[in-house]
Amino acid sequence: MARLVAAVHVQHPQSREWVVLEPGEEPAPELAVEITNPGAWESGVLPEPEDQAEDEGPSPFGFAPDESSQPEPEPDADPVSAPTPQRRRKTATT
């Protein structure tokens, strides 16, 4: 496992508690996945995730699901053929 060169704060994926990891530590695989800054690692490269199911908990903040897994939205109605709204006319007072 790779070593850290900087102190990092990560949220544990199961308990959601904040953990402080010090420089020189080799974090557990479930915590290493949470550290996405390459500058925090000794080699400057993010470690490869191990064979763990990533669907175990909620997705990290700021990350959207894959766009390919979502259905495409329906196209909007053709704006040219849509009826245009008519203005109300005031009735004449006599």
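1. Let me start at E25, which, leaving aside neighbours within four places in sequence, is in contact with A2, R3, L4 and V20; contact here means heavy atoms within 4.5 Å. E25 is found in the loop between β2 and α1. At 28% relative accessibility, E25 counts as partly exposed, a class lying between buried (under 20% relative accessible area) and exposed (over 50%), using a 1.4 Å probe and protein chains only. A polar atom of the E25 side chain lies 2.7 Å from the backbone nitrogen of E22. The C-alpha atoms of E25 and A6, 19 residues apart along the chain, are separated by 9.3 Å.

2. A word on the basis of all this: the model is predicted, local features need pLDDT of at least 70, side-chain atom pairs count only at pLDDT 80 or more, and totals for chains, interfaces and linings use all residues. Residues are numbered from 1 along each chain as its sequence is written, and side-chain values use heavy atoms, with hydrogens and water left out.

3. The overall layout is quickly told.

4. Some totals for your notes. Of the 94 residues of the protein chain, 14% count as buried. The chain exposes about 8400 Å², of which carbon and sulfur atoms supply 51%; the areas come from the Shrake-Rupley method with a 1.4 Å probe, and for residues only the protein chains shown count as cover. Among contacts between residues at least 6 apart in sequence, 33% join residues at least 24 apart.

5. Now the hairpin. Strands β1 and β2 (residues 18–21) run antiparallel and are joined by four bridges; DSSP must find at least two bridges between strands for them to pair. V8 has L21 as its bridge partner in β2. Six residues sit between the strands, and R16 takes a positive phi near 60°.

6. Two residues here deserve a look. Q11 lies in strand β1 and is buried, with a relative accessible area of 16%. The Q11 side chain reaches the backbone oxygen of R16 at 3.0 Å, a polar contact, that is, a pair of N or O atoms within 3.5 Å, where within protein one must be able to donate a hydrogen and the other to accept it, and residues adjacent in sequence count only if both atoms are side-chain atoms. H12 lies in the loop between β1 and β2 and counts as buried at 18% relative accessibility. Not counting residues up to four places away in sequence, H12 touches E17, V19, E30 and L31.

7. On to the core. The largest nonpolar core has nine residues: L4, V8, V10, L21, L31, A32, I35, A40 and W41. Elements giving two or more residues to this core are β1 (8–11) and α1 (29–32). Such a core is a set of buried Ala, Val, Leu, Ile, Met, Phe, Trp, Tyr and Cys residues joined through side-chain atoms within 4.5 Å. W41 touches A2, R3, L4, V5, P27, A32, I35, L46 and P47, not counting residues up to four places away in sequence.

8. Finally, is V45 buried or exposed? V45, in the segment after α1, is exposed, with a relative accessible area of 51%. The C-alpha atoms of V45 and A2 are separated by 9.1 Å, with the two residues 43 apart along the chain.
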